[in-house]
Amino acid sequence: MPELTRGIRNNNPFNLVFTDDAWEGKLGRDLKVEDTFERFDSPEAGIRAGAINVLTQFSRGDNTISKLLNTLSPPEDNNPIESYISYVSDRMNIGPDEELNLTNPTTLRGLSSAIIGFENANHAYEDELLDGGLARALEYHLSKQSKNTGGPVTQPLYDDRKYII
């Protein structure tokens, strides 16, 4: 059996870097276990957090594969951005600069599956697990959009407050 990737071991298939964000299902930081990336209590919680992160960038104008991946995996962090963009574009069968509609669950699923595949050596989750995490992320994202808070989806409106994301 092949060794699990870091993202799969951490239940963080989008490989979100550790932050102070209070993600639902987030495990506390333990530098003996993981020094860079978030850890979650279930794959579904990690999928939800990763998809919310993608949807947040989408709502800020990163509406193509190229724009999203350049923001989420900046080349200055030594990410293989050209390979990443090509992989995701090929998996989704669309051009890297073609506009996406990530509020469409099928499009969000295609993008998320491709990101998870690239980040985790072609790992794929069972449909029910992936769809559950993505549905929860999309529901959260759309509920925040409909409230029209004027603020970013995953950040509190005030610096002195912490929200569960």
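## Helix H2, tucked inside

Let's start with helix H2: 13 of its 17 residues are buried, so it is largely enclosed by the rest of the structure. Buried means under 20% relative accessible area, with exposed over 50% and partly exposed in between (1.4 Å probe, protein chains only). Helices here are DSSP runs (H or I, at least four residues), numbered from the N terminus.

This is a predicted model, where local features need pLDDT of at least 70, side-chain atom pairs count only at pLDDT 80 or more, and totals for chains, interfaces and linings use all residues. Residues are numbered from 1 along each chain as its sequence is written, and side-chain values use heavy atoms, leaving out hydrogens and water.

How far apart are the end C-alpha atoms of H2? They are 24 Å apart, which agrees with the 24 Å that 17 residues should span at 1.5 Å a residue; the expected span is 1.5 Å times one less than the number of residues. Just after H2 comes Gly61, with a positive phi of about 110°.

## The nonpolar core

A nonpolar core is a set of buried Ala, Val, Leu, Ile, Met, Phe, Trp, Tyr and Cys residues joined through side-chain atoms within 4.5 Å. The largest one has 35 residues, and Val54, Leu69, Val88 and Ile115 are among those with the most contacts inside it. Helices H2 (43-59), H3 (65-72), H4 (81-92), H5 (105-119) and H6 (127-147) are the elements that give it two or more residues, and H2 gives the most, with eight.

Zoom in on Ile115: leaving aside residues up to four places away in sequence, it touches Phe14, Val54, Leu69, Tyr84 and Val88. Contact means heavy atoms within 4.5 Å.

## Helix H4

Which helices do the buried residues of H4 pack against? They pack against H3 and H5. Tyr84 and Val88 are among these buried residues, as are Ile81 and Met92. After H4 comes Asn93, whose phi is positive, near 60°.

## The largest pocket

A pocket is an open set of points on a 1 Å grid over the protein atoms alone, where a 1.4 Å probe fits, with protein on both sides within 12 Å along at least five of seven lines; lining residues have an atom within 4 Å of a point. The largest pocket is lined by 28 residues, and Phe14 and Leu72 are among those nearest its centre. H2 gives the most to this lining too, with four residues.
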